[in-house]
Amino acid sequence: MLSVKASDKVLWLKNLSFCTYIPIMLNLEEPSVIDKLSRFCGDKVKMFSSNPCVIRESGKGTGHCWLEGSSLHPSKSSNYEHTEEVYPWRRQMKNVSPGDFFNCTPASMSRKHGVFGSVPDTCYLPDRSYSSHCNDKCTRDNKLLRSIPEYVKIVEVGPRDGLQNEKEIVPTAVKVQLIKLLVSSRLPIVEATSFVSPKWVPQLADAKDVMEAIRTVDGARFPVLTPNLKGFEAAVAAGAKEVAIFASASESFSKSNINCSIEDSLIRYHDVAVAARKLSIPVRGYISCVVGCPEEGVVSPSKVAYVAKELYDMGCYEISLGDTIGVGTPVITKIIDCQVKGFLQPPMSTVVPMLEDVIDVVPINSLAVHFHDTYGQALSNILASLQMGITTVDSSVSGLGGCPYAKGASGNVATEDVVYMLNGLGVKTNVDLGKLMSAGDFICQYLGRKSGSKTAIALSRIRFPASKL
């Protein structure tokens, strides 16, 4: 086991091909490993570069070293020539906000992000920084990623969709604080609450109080869910400036979720859309069970396209396509029917064919995707959607969520995981991942559970390392 001390350093050699973490222990209790590090560069790094990096002591006292060599790139050569350029890495501690590191994209990464201390919220920064070879052009030139949009709008649904399934009532003050923290992370849209009957969703019975508390909060839009004209009127009276309506592509789920058929729901929502148009209030549409239903199984893409066109024609500026039970996968080449320990694999549904049918009847810039992560497929489905031209993604902080009327539905895809993936793709979101993680940590601490975001869990370990590795 390797002890981690405050004086330890880590050099991060970052390039297009790989990432190498090299510990340099410079303290009185543990010997310096500069010599071993040099041998590491010679033995291990040479397979990646014709001019491997070499560490040598500066002779200026403890805490100083030099990094020689060119940037690393794939090469079969083992030539040990050193470049003329030498980069000094001096032990300078500077306070750095978590967002400065967590929000780096390949386009913005530079050597200044490369040296860490083991003290939370601080970094060791070099005197001289330079741009990484990896930039947006790298992503755009990749054949598989060429169609990825440059910017993706994230719609945060945690305060509504994330909390509606919680059994214990979350206090209004906690909901309001969560919303404020999410806004501080620069999320452009935060779905605040829902004006449904408290009989059906008691968790959101305080919708009016929540709207009153965030009336003066600037920096984001706060759409609210409205199931019918009565709910719409209550939302407007509470100060709502944007509303959302929700239909289903599954007849069975429509009846269990909103107590009416698909056609009856569309009639209700037409009345809401007409009333909203008179008040110049934007309306967003949701469609549940776009690839699979807990009762009907696989849902036909043509049914989704029909409902989407109806919502678009009645005036919805954007329609969010929701995989409510998280059974979707990007594409299936053949149907797999397997028996595992007595449980039949659920019918798998594909996202791409569904999107193809919907795009035929609704402009793609008016579509969004909303994936639950029940089978761990949400990020792959989002990536496939982006490749097809989708530019808006719904997600929930810390992966909160679930549907009280969809058996087996787990939480939404975690917003932190979506932002992390998009950062890695060089896609702009304008979201501060560090502050987003703080919002997730806040609500998870209140709920007494760990985050559902793998990114948040992993980065929290980096920010607050244990005493032993």
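I looked up the pairing of strand β17 (residues 318–323) first: five bridges join β17 to β22, and the two run parallel. Strands pair here if DSSP finds at least two bridges between them; strands are DSSP runs of E of at least two residues and helices runs of H or I of at least four, numbered from the N terminus. The model is predicted, local features need pLDDT of at least 70, side-chain atom pairs count only at pLDDT 80 or more, and totals for chains, interfaces and linings use all residues. Residues are numbered from 1 along each chain as its sequence is written, and side-chain values use heavy atoms, with hydrogens and water left out.

β22 pairs with β23 (residues 392–395) in the parallel sense over two bridges.

I noted burial in β22 (residues 367–371): five of its five residues are buried (under 20% relative accessible area; exposed is over 50%, partly exposed in between; 1.4 Å probe, protein chains only). Leu367, Val369 and Phe371 lie on one side, Ala368 and His370 on the other. In a regular strand the side chains alternate between the two faces of the sheet.

I moved to helix α14 (residues 433–447). Its 15 residues should span 21 Å at 1.5 Å a residue, and its end C-alpha atoms are 21 Å apart, which agrees; the expected span is 1.5 Å times one less than the number of residues. Asp432 caps the N-terminal end, with a side-chain oxygen 3.0 Å from the backbone nitrogen of Gly434. Just after α14, Gly448 takes a positive phi of about 75°.

Conventions
A polar contact is a pair of N or O atoms within 3.5 Å; within protein, one must be able to donate a hydrogen and the other to accept it, and residues adjacent in sequence count only if both atoms are side-chain atoms.
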